[in-house]
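Notebook open, structure viewer running.

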Amino acid sequence: MAAADLFRGVAYALAAGLMWGLVFVAPALLPDYPPAALAFGRYIAFGGVALLLAWPDRSRLAALRRADWVEAFKLSLVGNILYYLFLSAGIQAAGVPLASVLIGTLPVVIAVCANWHDRSLPWARLMPSLGLIAGGIACVNQSEMARLGGGEGHAYGLGAALTVVAVAAWTWYPIRNARWLKAHPGLSATTWTTAQGLTTLPLAALGWLLWGLWQGRLPGHSWWMGLGAQPGRFVLLMLAMGLFASWAGTLAWSRASKLLPTSLTGQLIVFETLSALAYGFLHRGQWPGWLTGAGIGLLMGGVMMGVRAFQRPAPH
């Protein structure tokens with residue numbers, strides 16, 4: 001592929017990863033808020049941002065066909081709402097360690113699934129970079145993997161099953177999104193991102209309402225108390241995630257998906273992992289341990305090897 005397209009696509013994927021990494025900071029800044037509040041709050045903010053941006057883009061949005069809106073709805077439902085809900089439920093059932101390890105496999109799982117369908121690169125040239133990324137994920141998650149034996153019984157198995165569904169949802173989303181964009185080259189990535197935000201809004205609002213009504217049945221709670229004990233910080237963080245992590249991150253990822261083979265963009269999801277690690281260590285005010293540092297090095301090496309593999313012409 002052209003070097004200019006490769007460079008631009010990787011830059012867009014990096015920008016998406018930097019913004020998606022912010023999602024992992026919000027729970028640390030709002031430790032008293034349940035996952036449902038963070039999930040629905042984020043996507044309501046995403047929909048609100050999309051509403052504001054829809055007016056200047058109204059002519060291109062009006063040109064979208066019914067099939068486009070149905071596809072945007074499917075992507076929003078699976079890639080946003082279902083993914084985050086199943087991930088949150090898996091964390092609540094089995095804890096963060098197991099969910100972190102399973103979600104950490106996404107760069108490899110997506111790349112393998114995409115290449116299995118598209119065969120954009122011979123497996124012999126794809127596997128070395130995937131091997132480095134898998135090794136990096138193992139090193140980064142070593143503390144979580146050491147704790148996997150702490151799960152017990154039904155709750156542990158349920159948490160694993162729920163998280164696997166989340167992995168499946170976010171494996172399906174980038175592959176499906178990339179195929180739709182490449183099948184419709186005239187579709188603007190900006191318009192497509194806004195359409196996904198608009199279709200996410202009613203789903204997130206319904207989820208917020210149902211969750212709030214359920215909260216209202218608990219002693220000492222009222223359904224309208226979803227803003228919690230720090231409403232100002234909560235609203236600001238949700239708006240920041242809606243604008244940067246959801247709208248801008250999705251836009252950057254869609255642009256990368258139009259430029260790059262899906263088996264490469266799958267690997268580039270490691271930028272999200274690296275960003276989350278960097279933000280997490282900055283928040284804690286500490287340096288990563290030697291094994292985590294080695295894992296970060298392997299992840300970066302895997303990305304560079306993957307990019308170089310797509311830079312070289314395929315053998316005849």
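What span should the 18 residues of α8 have at 1.5 Å a residue, and how far apart are its end C-alpha atoms? I worked with a predicted model here. At 1.5 Å a residue, α8 should span 26 Å. I looked up its end C-alpha atoms and they are 25 Å apart, which agrees.

Next entry: the helix beside it. I checked α7 (residues 106–118) against α8 (residues 123–140), and their axes come within 9 Å, crossing at roughly 165 degrees. Roughly antiparallel counts as over 145 degrees, so α7 is roughly antiparallel to α8. The crossing of α7 past α8 is left-handed.

Then I asked which residues meet there. On the α7 side I found P107, V108, A111, V112, N115 and W116. They meet W123, L126, L130, I133, A134 and I137 in α8. By type, the residues of this contact are 11 nonpolar, one polar and no charged.

Next entry: what is buried in α8? My list has R125, L126, S129, L130, I133, G136, I137, C139 and V140.

G136 sits in helix α8. Its relative accessible area is 0%, and buried means under 20%, so G136 counts as buried. Which residues touch G136, leaving aside its neighbours within four places in sequence? I got G295, L298 and L299.

Last entry: I compared G136 with G104. They are 32 residues apart in sequence, and their C-alpha atoms are 9.9 Å apart in space.

How values were computed
Residues are numbered from 1 along each chain as its sequence is written. This is a predicted model: local features need pLDDT of at least 70, side-chain atom pairs count only at pLDDT 80 or more; totals for chains, interfaces and linings use all residues. Side-chain values use heavy atoms; hydrogens and water are left out. Axes are lines fitted to C-alpha atoms, for helices over the stretch in contact, and angles run from 0 to 180 degrees between N-to-C directions. Helices (H or I, at least four residues) and strands (E, at least two) are DSSP runs, numbered from the N terminus. Angles under 35 degrees count as roughly parallel, over 145 as roughly antiparallel, 65 to 115 as roughly perpendicular and the rest as oblique. A crossing is left-handed if the near helix is turned anticlockwise from the far one by less than a right angle, and right-handed if clockwise. Contact means heavy atoms within 4.5 Å. Ala, Val, Leu, Ile, Met, Phe, Trp, Tyr, Cys and Pro count as nonpolar, Asp, Glu, Lys and Arg as charged, and the others, Gly among them, as polar. The expected span of a helix is 1.5 Å times one less than its number of residues. Buried means under 20% relative accessible area, exposed over 50%, partly exposed in between (1.4 Å probe, protein chains only).
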